[in-house]
Amino acid sequence: MTWHRPDDSIVIFNPCVRYGVEGGITDVVYIDGEEITYSVKVDVETGIVQGDWSSFKGKEEGDHPLKGVQIPGWKEAVEMVTKGHRRMFFHDLIGWDVTIDNNGTPVCIEYNIKEPGTKLYQFAGGPYAGQFTEELLAFLLDDEKRKQHLPRYFRK
């Protein structure tokens with residue numbers, strides 16, 4: 001998730017790697033009607049897997065098997081989403097789905113400009129906006145921003 005802040009900088013919120021079940025080729029699978037996917041926190045500066053992980057059931061116990069591994073192509077992925085957000089300057093918040101190919105090159109699968117998901121990322125990485133939480137909440141107090149970025153059932 002990237003946020004184009006009022007000061008014109010672009011920051012990344014709570015990056016995570018999402019993945020599905022062993023042998024699957026997507027980050028989510030449905031088994032007997034249950035959605036199964038996992039998420040593990042990644043340090044935004046280094047691209048190193050932190051070990052905090054979750055499923056839709058919530059926080060999982062123990063360290064993740066990839067803890068300490070640096071994601072290949074991380075720097076390039078960060079550059080790609082930052083540059084991409086600058087090109088879509090009229091959107092404040094954008095959720096990005098990026099994969100890394102076999103050569104370590106990031107590939108944008110999709111971007112989400114309307115109500116991107118936050119649940120899994122918060123389970124794995126803590127507060128959605130991290131150090132920018134208070135600033136983002138103040139930003140969202142503007143009625144027009146709330147209509148644009150928050151689902152109707154959250155706007156009271």
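**Reading the model step by step**

Author: The structure holds 0 disulfides, a disulfide being a pair of cysteine sulfur atoms within 2.5 Å. Before going on, note that this is a predicted model, where local features need pLDDT of at least 70, side-chain atom pairs count only at pLDDT 80 or more, and totals for chains, interfaces and linings use all residues. Residues are numbered from 1 along each chain as its sequence is written, and side-chain values use heavy atoms, with hydrogens and water left out.

Reader: How far is the sulfur of C108 from the closest cysteine sulfur?

Author: The closest one, in C16, is 17 Å away, which is too far for a bond.

Reader: Is C16 buried or exposed?

Author: Buried means under 20% relative accessible area, exposed over 50%, and partly exposed in between (1.4 Å probe, protein chains only). C16 has 17% relative accessibility, so it counts as buried. C108, at 32%, is partly exposed.

Reader: Which residues make up the largest nonpolar core?

Author: A nonpolar core is a set of buried Ala, Val, Leu, Ile, Met, Phe, Trp, Tyr and Cys residues joined through side-chain atoms within 4.5 Å. Here the largest has 11 residues: M1, W3, V11, F13, L93, Y128, A129, F132, L136, F139 and L140. Helix α3 (residues 133-140) gives the largest share of this core, 3 residues. Helices (H or I, at least four residues) and strands (E, at least two) are DSSP runs, numbered from the N terminus. A second, separate core has 6 residues, among them V40, V42, V49 and I71.

Reader: How are strands β6 and β7 joined?

Author: Two strands pair if DSSP finds at least two bridges between them. Strand β6 (residues 38-42) runs antiparallel to β7, and 4 bridges join them.

Reader: Which loop holds N14?

Author: N14 is found between β2 (10-12) and β3 (16-19). Its phi is positive, about 40°, although N14 is not a glycine. D32, also not a glycine, has a positive phi near 50°. The loop holding D32 lies between β4 (29-31) and β5 (34-36). N14 is buried, with a relative accessible area of 12%, whereas D32 counts as exposed at 82%.
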